[in-house]
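Open your viewer, load the model and keep the selection tool handy.

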Amino acid sequence: SCDTTEICNCSSMGLDFIPPGLTAKTTVLNLAHNRIKHIQSQDLWQAVNLRALLLQSNKISSIDEDSFRSLGKLELLDLSNNSLAHLSPVWFGHLFSLQHLYLQGNSYRDLGQSSLFSNLRNLSSLHLGNPGFSTIRQGNFEGVVLLDQLWIDGGNLSQYEPGSLELIRKINHMIINIKSISIVSAIVRDLLHSVAWLEVRKLDLSELDEMQLLRVMSNCFASKLSFKESLITDATVPDIVSIIADMPKLEEVELIDCRLLGTGRWKMQIHVNQSQTIKVMTIEKLSIEQFYLFTDLQNVQGLLSLLTKITVQNTKVFLVPCRLSQHLRSLEYLDLSSNLLGDQSLKHSACLGSLPVLQTLNLSQNSLSDLEMTGKSLSHLRHLILLDISQNNFGDIPDVCKWPKTLKYLNLSRTQIRKVTTCIPPTLEVLDVSANNLKEFGLQLPFLKELYLTRNQLKTLPDAAPIPNLVAMSVRSNKLNSFSKEELESFKHMVLLDAGDNNFICSCEFLSFIHHQAGLAQVLVGWPDKYMCDSPLAVRGAQVGAVHLSLMECHRSLVVSLICSLLFLVILSLVAVGYKCHAVWYLRMTWAWLRAKRKPRRAPPKDLCYDAFVSYSENDSDWVENIMVQELEQACPPFRLCLHKRDFVPGKWIVDNIIDSIEKSHKTLFVLSEHFVQSEWCKYELDFSHFRLFDENNDAVILILLEPIQSQAIPKRFCKLRKIM
């Protein structure tokens, strides 16, 4: 399970213990998702150079105290989602290099009486907690000074001793997943000056009486505050906004996957001092059940004027009130992707006087359908540089549109455009029209530097004359099969061409031509994934100059033709040999024999028509037909015999006749002679009878030795017959 770099992946193998054989060469050991219950002292003793040990999602309930003693170079230890009922500081005593420790999802209720982490001087990220985690004591984090991330997952944490986290001087990212607001308040009080990014998860902020407990947060010096999967109501919004506005160093606020009960009709006017520090606000997947009744947010308009970046994604926004847009005087970046904005609502949202300094606008995946109206609604934005309106449904577009004169970047990918027209602004430097089923591209864009035409239906490269300054172009996943020297040379400034996943016909001449395009060949990227001669060129980022093709890759069509011709000749030869050797007959014979084996072992008495089936060689027919048959059929009482000359059904395959005759006879008479042994038909009759009769352990076979024969003449596969002989 180990590769050349000594990374050993033993995950999901059903292991009950750590496998033996670990050496000092092992650097990464992945034992996740197994059934390991116990870690013994000697299990990891030899892995002295181990850097990462992944033991998550096992059933570990006990660990010997010196199990990790030899892992002085270990940097990552994951013991999450196991069954550890207690944690021992001895486990971590010799892990001097440990940077990442994950202990969440076990069954311990506390962290013990002393510090587990006092020797972990290089610890960077720590994840603790489980549904039963209930207590944090003073001294539990003694020795921990700096952390990049601390995650406490204690939904039912009920006891927190004040000062427990106070010794940590700096935490870049603190994640608190605790239900109790009083506990959250006590933790925040210890982190007022040490945390840079405070993230609160699954907190119920619906009770107005409890909001006073969070007032301590207004004194926190965090620069970023996140609420995830939390509940907010109209009643508590004023207090939350007041707390956020009072935080002295706060620059960024996030609401991710939260739920708001209400329609924005807050019972009290929000009276707070406008925050001079908050510049960024992000709202993603905010659930508002009655979003269609939401008010125009005029109560908070005054708080938004200093924001420079706003993201509101996937929140069912169908309108931004004009007044609100006009108050966004400092906004440079606005992301309203994955919402419900339509053409008319965009016109109202981007009214005159709104968004005066906006530079970047993302309206992707909304309900826009009129490109002309979209451009006109945004045309007054004098500083707009980048516009993303991808994943809308524009369809056919007109020839003339009005756009901001400063627009340089336009994304129209996945917008159902069937043909590009002069509606596209000529000021663009970057244009993306990927995934639109375009069959041609011929716009006059004199300033264009980057053009993305991925996943269209182009059969030829765009004409270079209308786009003279093009530097990079992607035509991946189109229907190109070649392009001429003149076409490529016409792009005088081109240094990057991504033409992967097309239908190019590979030839040495074609590649030689590409190779000598000095400016292009040095940075050719992604050339192509499905190049019909794709072995060396399928590597993305390979330079054409480094490619050396073999005869097979240079003349793929010729080689494939030769292989197909040889394959055809081999098949034709096999057919001829099979015809000459009666292969079809033998196949039918095998099928008949298999059917015979599947039939019931004994035929019903009513189906038995003959006393005996006679198997003999044609060379012995004189004695059989004139002497033996005459004697038996004229006896008193007479015997009824089955002879192939007389009783086989005309037109029926001979093998089926043999099988039916044997099955419909009480006995089978074999007239053995040298001629019999040499007859192929007699051998087949003997073969069927051997299975049907000898294998049933009955006495239905009668052997008549017409003349002395050698026992070796009987085929060895008829072992019982040879024994009877």
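## Stop 1: a four-stranded sheet

Start with an open sheet of four strands, paired in parallel, in the order β14-β16-β18-β20. At its edges are β14 and β20 (287-288), each of which pairs on one side only. Strands here are DSSP runs of E with at least two residues, helices are runs of H or I with at least four, and both are numbered from the N terminus. Two strands count as paired if DSSP finds at least two bridges between them.

Before moving on, a word about what you are viewing: this is a predicted model, in which local features need pLDDT of at least 70 and side-chain atom pairs count only at pLDDT 80 or more, while totals for chains, interfaces and linings use all residues. Residues are numbered from 1 along each chain as its sequence is written, and side-chain values use heavy atoms, with hydrogens and water left out.

Now select residues 231-233 and 259-261: these are β16 and β18, which pair in the parallel sense over three bridges. Click on Ile232 and look across to β18, where its bridge partner is Leu260.

## Stop 2: helix α1

Select residues 181-190. Buried means under 20% relative accessible area, exposed means over 50%, and partly exposed lies in between (1.4 Å probe, protein chains only). The buried residues are Ile181, Ile183, Val184, Ser185, Ile187, Val188 and Asp190. Show the strands around them too: the buried residues of α1 pack against β11 (159-160), β12 (170-177), β13 (195-201) and β14 (204-205).

## Stop 3: the nonpolar cores

Next, select Phe68 and Met174. In the largest nonpolar core, which has 148 residues, these two touch the most other members. Helix α1 gives the most to this core, with five residues. A nonpolar core is a set of buried Ala, Val, Leu, Ile, Met, Phe, Trp, Tyr and Cys residues joined through side-chain atoms within 4.5 Å. In soluble globular proteins, nonpolar side chains tend to be buried together.

Which residues does Phe68 touch? Leaving aside residues up to four places away in sequence, Phe68 touches Ile39, Leu44, Leu53, Ile63, Leu77, Leu79, Trp91 and Leu95. A contact means heavy atoms within 4.5 Å. There is also a second, separate core of ten residues, which includes Val624, Val629, Leu669 and Val671.

## Stop 4

Select residues 665-672, strand β32: six of its eight residues are buried, so β32 is largely enclosed by the rest of the structure.

## Stop 5: aromatic rings

The structure holds five aromatic pairs. Select Phe92 and Phe117: their ring centres are 6.5 Å apart and their planes at 35°, so this pair is tilted. Rings of Phe, Tyr and Trp (its six-membered ring) pair if their centres lie within 6.5 Å; planes under 30 degrees apart count as stacked, over 60 as edge-to-face and the rest as tilted. Phe92 is buried at 1% relative accessible area, and Phe117 is buried at 0%.

For a stacked pair, select Phe613 and Phe648, at 6.3 Å centre to centre with 5° between the planes. This pair links distant parts of the chain, 35 residues apart: Phe613 in strand β30 and Phe648 in the loop between α13 (644-647) and α14 (654-663). Finally, colour Trp91, Phe92, Phe117 and Phe141, which form one aromatic cluster.

## Stop 6: Ser364

Select Ser364, in the loop between β23 (360-362) and α5 (371-378). Is Ser364 buried or exposed? Ser364 counts as buried, at 8% relative accessibility. Its side chain makes a polar contact of 2.8 Å with that of Asn362. A polar contact is a pair of N or O atoms within 3.5 Å; within protein, one must be able to donate a hydrogen and the other to accept it, and residues adjacent in sequence count only if both atoms are side-chain atoms.
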